[in-house]
Amino acid sequence: NYNPLKFCEVRRMKNKVVVIVGVPGVGSTTVTNKAIEELKKEGIEYKIVNFGTVMFEIAKEEGLVEHRDQLRKLPPEEQKRIQKLAGKKIAEMAKE
């Protein structure tokens, strides 16, 4: 069934970024997975980006870490710098 209102909603969502956060165990992954199910049902295109993975990729490219677990062992100033770079990279992805 074609729903013109739903179509308009989808067009407004183009290039939008939704950030889901939560400490381990609160259900952020469960909520994300449910949202993905609903998006698939509606035929809405989406891209999932994990902030920690983007941080790891940046740190690895810079030769700072070899394994993801090493991120938390970096000095706080370095972690903040990488977080900012990851945020900028994700913002650029939203423009694609």
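**Reading the surface and the helices**

Author: Gladly! This is a predicted model. Let's begin with a nonpolar patch on the surface, formed by Val17, Val19 and Val21, with about 310 Å² of accessible area together.

Reader: What makes these residues a patch?

Author: A patch takes residues with over 30% relative accessible area and no salt bridge, and nonpolar side chains are joined within 5 Å. Val17, Val19 and Val21 are listed as such a nonpolar patch.

Reader: Why is valine 21 called exposed?

Author: Its relative accessible area is 69%, and exposed means over 50%. Valine 21 therefore counts as exposed. You'll find valine 21 in the loop between helix H1 (4-13) and H2.

Reader: How do you know what span is expected of H2?

Author: The expected span is 1.5 Å times one less than the number of residues. Helix H2 covers residues 28-42, 15 residues in all, which gives an expected 21 Å. From its first C-alpha to its last, H2 reaches 21 Å, so the span is close to the expected one. After H2 comes glycine 43, with a positive phi near 75°.

Reader: Which elements make up the chain, from the N terminus on?

Author: They run α-α-α-α, with 4 helices and 0 strands.

Reader: And how much of the chain counts as buried?

Author: Buried means under 20% relative accessible area, and 17% of the 96 residues count as buried. The chain exposes about 8,000 Å², with carbon and sulfur atoms supplying 55% of it.

Note on methods
Residues numbered from 1 in each chain as written. Predicted model: local features only at pLDDT ≥ 70, side-chain atom pairs only at ≥ 80, totals over all residues. Heavy atoms only, no water. Helix = DSSP H or I, 4+ residues; strand = E, 2+ residues; numbered from the N terminus. Patch = residues over 30% accessible without salt bridge, like charges linked within 9 Å, V, L, I, M, F, W, Y side chains within 5 Å. Areas by Shrake-Rupley, 256 points an atom, 1.4 Å probe, with all protein chains shown as cover. Salt bridge = Lys/Arg side-chain N within 4 Å of Asp/Glu carboxyl O. Buried < 20%, exposed > 50% of the residue type's maximum accessible area, 1.4 Å probe, protein only.
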